[in-house]
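Subject: Structure for your review

Dear colleague,

Please find below the sequence and structure that I am handing over to you. My notes on what was found follow directly after it.

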Amino acid sequence: MGHQPNKNEVRMIILKIFKSKNKSVYFNLAKKYNTSVWYVYKLAHGKRVRITGVTHDILNELRTLNIIENIRV
């Protein structure tokens, strides 16, 4: 099982997302692919994530929008 963030970590995560200049992109992609904003944010920032069926689609859109340069899998 993965790491469960504590309350302080959750607050920091939310703050990072809302301070990001790309927050609207993260929200739109999360809605489009029926996933969490945090998942999209983690993909955009190269964090380890559980690979799902839409992971590559989200990464390709992030690359197309010039939010990420390349895809590391």
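A residue is called exposed when its relative accessible area is over 50%, and buried when that area is under 20%. Please note that this is a predicted model.

**Two asparagines with positive phi**

By the cut-off above, Asn 34 counts as exposed because its relative accessibility is 74%. Asn 34 sits in the loop that joins helix 2 (23–32) to helix 3 (37–44). The phi angle of Asn 34 is positive, near 50 degrees, although the residue is not a glycine. Most residues other than glycine have a negative phi.

Asn 66 also has a positive phi, in this case near 60 degrees. Asn 66 belongs to the segment that follows helix 4 (55–64), and with a relative accessible area of 68% it is exposed.

**The loop between helix 3 and helix 4**

Arg 48 is found in the loop between helix 3 and helix 4. With a relative accessibility of 82%, Arg 48 is classed as exposed. Arg 48 and Glu 61 are 13 residues apart along the chain, and 18 Å separates their C-alpha atoms.

**The packing of helix 2 and helix 4**

Glu 61 takes part in the contact between helix 2 and helix 4. The axes of these two helices come within 11 Å and cross at roughly 150 degrees. Angles over 145 degrees count as roughly antiparallel, and helix 2 and helix 4 are therefore described in that way. The crossing of helix 2 with helix 4 is right-handed. On the side of helix 2, the residues in contact are Val 25, Leu 29 and Lys 32; on the side of helix 4, they are Ile 58, Glu 61 and Leu 62. This contact comprises four nonpolar and two charged residues, with no polar ones.

**Aromatic rings**

How many aromatic pairs does a search of the whole structure find? The search finds three. One of them is formed by Trp 38 and Tyr 41, whose ring centres are 5.4 Å apart and whose planes lie at 20 degrees, so the pair is stacked. Trp 38 and Tyr 41 are three residues apart in helix 3, and therefore about one helical turn separates them. Trp 38 is partly exposed, at 26% relative accessibility, whereas Tyr 41 is buried, at 8%. Ring pairs also bring in Tyr 26, which forms a cluster with Trp 38 and Tyr 41.

Yours sincerely

Terms used
Residues numbered from 1 in each chain as written. Predicted model: local features only at pLDDT ≥ 70, side-chain atom pairs only at ≥ 80, totals over all residues. Heavy atoms only, no water. Helix = DSSP H or I, 4+ residues; strand = E, 2+ residues; numbered from the N terminus. Buried < 20%, exposed > 50% of the residue type's maximum accessible area, 1.4 Å probe, protein only. Axes fitted to C-alpha atoms, helices over the stretch in contact; angles between N-to-C directions. Parallel < 35°, antiparallel > 145°, perpendicular 65-115°, else oblique. Left-handed = near helix turned anticlockwise from the far one by under 90°. Contact = heavy atoms within 4.5 Å. Nonpolar A, V, L, I, M, F, W, Y, C, P; charged D, E, K, R; others polar. Phe/Tyr/Trp six-rings, centres within 6.5 Å; stacked < 30°, edge-to-face > 60°.
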